[in-house]
Amino acid sequence: MENVLRPLIVVGGSVVLTLVIGWATDLLLRKADERHHETPLWGLLRRARVPYSLLLCASLLRGSFDSAQVLEDHKEGIGRTLTLVVIGSVAWLVIRIAGAVVETSYTRYAHARAQRDPARVRRVRTQVSLIMRVVSAVVGVVAAASMLLTFPAMRAAGTSLLASAGVLGIVAGIAAQSTLGNLFAGLQIAFGDMVRIGDTVVVEGEWGTVEDITLTYLTVRTWDERRITMPVSYFTANPFENWSRGTPQMTGIVYWHLDHSAPLDAMRERLRDILRQCPAWDGRDYNLTVTDSTPNTVQVRALVTAKDADDIWTVRVTVREQMIRWLSDEHPYALPRVNAADAATPPGREAPARPASSDGPARRFPRQPGKALPGEAAAKPW
């Protein structure tokens, strides 16, 4: 009877104690979250209840397994398995707690500076994301190394590995040159403030928004919902356009090719009316001028402003569409036309005769003194 009750008490007691401690901890975190609405820390910490419960259960089982006196033939294997579970749970719990603390700090900072300095907020967001990836990678490597060291064979191999660490380091450095280059480029982007999550960029002729930045690659979401994935080393070695650098305010250009008789003063007044009715215009500035002229048309340019790249696109297409509609309704003569009329003959000059064709009239040649027309004998001078 004792051989049956003892394992049940040990295993069942560990599970019940884990459930009770986990429930009590979650209750305390929930009450703290209700009392402190200004910070999301306590609510974020509740996300760690799964690794927390797993760590408690594995630790209690690992500490009380010897007292259970069950499965004596597999005691070593079960003990090592529980140890591996404890190490993995600790790593998982550390990553969750670090993520909650970092996200809470970023949320406070973003709420305080979102209106005053949005560019700075995007920079901090990029840095926080990369820092969390670095922390997760470091914790994962340490946890994996700790798990391997629990095996006696790996401890013996550690001495020989340390002896050849120099050669292995050189080989690994050569083999992972591209990966290490992207890794350092990612850190340079994070702390060099070259590009941030949420920035509007133009890369390889594609306009889009930076959606994600990792230690090795960067993702740009284009205006048509495509994703362009590029190595981060590209942004440290090649030029690119960052429309969100500094201030997000932008100036847009709209071109029209019109007839020389276009009513420019009326167009300026119409541009002002269009912008006043466009919510995307920020009201900073506008202008309309003639920038070029050809024998058939003039090039008219309008300058408009907006608070960011998305709004400047809206303002540009609105101004272009409504101005063309207004010109076609009110001033159709201002639109470019193709002149298909024959050129006028200057006064006092006879129009040249057209050459005869196989089905057309015969050609006429003017008679000159002393010369014969084709098919005639030459005129005699007497």
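Is Asp273 buried, partly exposed or exposed? Asp273 counts as partly exposed, because its relative accessibility is 28%. The model described here is a predicted one.

## Salt bridges

Across the whole structure, a search finds 15 salt bridges. One of them pairs Asp273 with Arg272, and the closest N and O atoms of this pair are 3.7 Å apart. Arg272 is also counted as partly exposed, because its relative accessibility is 28%.

Asp224 and Arg226 form another salt bridge through their side chains, with an N to O distance of 2.9 Å. Asp224 has a relative accessible area of 33%, so this residue is partly exposed. Arg226 has a relative accessible area of 37% and is therefore partly exposed.

A further salt bridge links the side chains of Asp311 and Lys307, at 3.2 Å from N to O. Asp311 is buried, because its relative accessible area is 17%, whereas Lys307 is partly exposed at 47% relative accessibility.

## Loop residues with positive phi

The phi angle of Glu225 is near 70 degrees, which is a positive value in a residue other than glycine. With a relative accessible area of 52%, Glu225 is exposed, since the exposed class begins over 50%.

Glu204 also has a positive phi, near 55 degrees, and is a residue other than glycine. The loop that holds Glu204 runs between β1 (200–203) and β2 (206–213). Glu204 counts as exposed, because its relative accessibility is 59%.

## The largest pocket

The largest pocket has a volume of about 260 Å³. Its lining includes the tryptophans Trp207, Trp223, Trp243 and Trp313. Met250, Thr251, Gly252, Ala309, Asp310, Ile312 and Arg316 also line this pocket.

Which element gives the most to the lining of the largest pocket? It is α11, with five residues. Sorted by class, the lining of the largest pocket has seven nonpolar residues, two polar ones and two charged ones.

## The second largest pocket

The second largest pocket has a volume of about 220 Å³. Its lining is made of 13 residues, and those nearest the centre of the pocket are Gly198, Thr200, Ser244, Asp308 and Asp310. Asp310 is also one of the residues that line the largest pocket.

Helices are again among the contributors: α5 (118–149) and α11 each supply at least two residues of the lining of the second largest pocket. By class, this lining divides into five nonpolar, four polar and four charged residues.

Helix α10 covers residues 264–276, and Ala266 is found in it. Ala266 is partly exposed, because its relative accessible area is 25%. How far apart are Ala266 and Leu327 in space, from C-alpha to C-alpha? The distance between Ala266 and Leu327 is 9.9 Å, while in sequence they are 61 residues apart.

Glu269 is also found in helix α10. At 48% relative accessibility, Glu269 counts as partly exposed, because the exposed class requires a value over 50%. The C-alpha atoms of Glu269 and Leu288 are separated by 9.7 Å, and the two residues are 19 residues apart along the chain.

## A nonpolar patch on the surface

Helix α1 spans residues 2–35 and includes Leu19. Leu19 is exposed, because its relative accessible area is 60%. Together with Val11 and Val15, Leu19 forms a nonpolar patch on the surface. The accessible area of Val11, Val15 and Leu19 together is about 260 Å².

Methods: Residues numbered from 1 in each chain as written. Predicted model: local features only at pLDDT ≥ 70, side-chain atom pairs only at ≥ 80, totals over all residues. Heavy atoms only, no water. Patch = residues over 30% accessible without salt bridge, like charges linked within 9 Å, V, L, I, M, F, W, Y side chains within 5 Å. Areas by Shrake-Rupley, 256 points an atom, 1.4 Å probe, with all protein chains shown as cover. Salt bridge = Lys/Arg side-chain N within 4 Å of Asp/Glu carboxyl O. Helix = DSSP H or I, 4+ residues; strand = E, 2+ residues; numbered from the N terminus. Buried < 20%, exposed > 50% of the residue type's maximum accessible area, 1.4 Å probe, protein only. 1 Å grid on protein atoms, 1.4 Å probe; cavity = no way out; pocket = protein on both sides within 12 Å on 5 of 7 lines; lining within 4 Å. Points joined across faces, edges and corners; volume = space filled by probe spheres on them. Nonpolar A, V, L, I, M, F, W, Y, C, P; charged D, E, K, R; others polar.
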